[in-house]
Amino acid sequence: MAGLLEYGERDLIGSDIGMLFKAREFARGLAPEIERNESVRENDLSYKSRSGKEVSVIFSASAIRDKNGELAGIVCVAADITVRKQAETRLRQVMHSLKQ
């Protein structure tokens, strides 16, 4: 992920993960949901790269708890779906033009 978003690994370790999301979805909704429900699965979100480029992803995350049950961290997995999103947009455009 570091390469995809133009960050180095050291830039990301220990950083606020909310900085990676285009619309700050993580800080507003996903982080509390992960903490309450232990995980989120296959959320369609947009990351933003260091240069500001939007990267569409499918995002999943799980809470990591310490021996006392306290939140110790969150592990995240994301798959780049930018090409798929572009194809979906093009398909909608073609479908719209065929209806006219």
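Two strands count as paired if DSSP finds at least two bridges between them. Strands here are DSSP runs (E, at least two residues), and helices are DSSP runs too (H or I, at least four residues), numbered from the N terminus. By these criteria, 3 strands form an open sheet in the order 1-2-3, with antiparallel pairing. This is a predicted model: local features need pLDDT of at least 70, side-chain atom pairs count only at pLDDT 80 or more, and totals for chains, interfaces and linings use all residues. Residues are numbered from 1 along each chain as its sequence is written, and side-chain values use heavy atoms, with hydrogens and water left out.

**The sheet**

- Strand 1 and strand 3 (71-80) are the edge strands, each pairing on one side only.
- From one strand to the next, the twist averages 35°. Axes are lines fitted to C-alpha atoms, for helices over the stretch in contact, and angles run from 0 to 180 degrees between N-to-C directions.
- Tyr47 faces Val55 in strand 2.
- Contact means heavy atoms within 4.5 Å.

**Ser60**

- Ser60 belongs to strand 2 (residues 54-65).
- Ser60 counts as buried because its relative accessibility is 17%. The cut-offs are under 20% relative accessible area for buried, over 50% for exposed, and partly exposed in between (1.4 Å probe, protein chains only).
- A polar atom of the Ser60 side chain lies 2.9 Å from the backbone nitrogen of Glu42.
- Beyond its neighbours within four places in sequence, Ser60 is in contact with Val40, Arg41, Glu42, Val75, Cys76 and Val77.

**Ile58**

- Ile58 is also a strand 2 residue.
- Its relative accessible area is 23%, so Ile58 is partly exposed.
- Ile58 stands opposite Ala79 in strand 3.
- The C-alpha atoms of Ile58 and Ala78 are separated by 5.5 Å, although the two are 20 residues apart along the chain.
- Not counting residues up to four places away in sequence, Ile58 touches Glu42, Asn43, Asp44, Val77, Ala78, Ala79, Ile81 and Arg84.

Note on methods
Polar contact = N/O pair within 3.5 Å; in protein donor to acceptor, adjacent residues only side chain to side chain.
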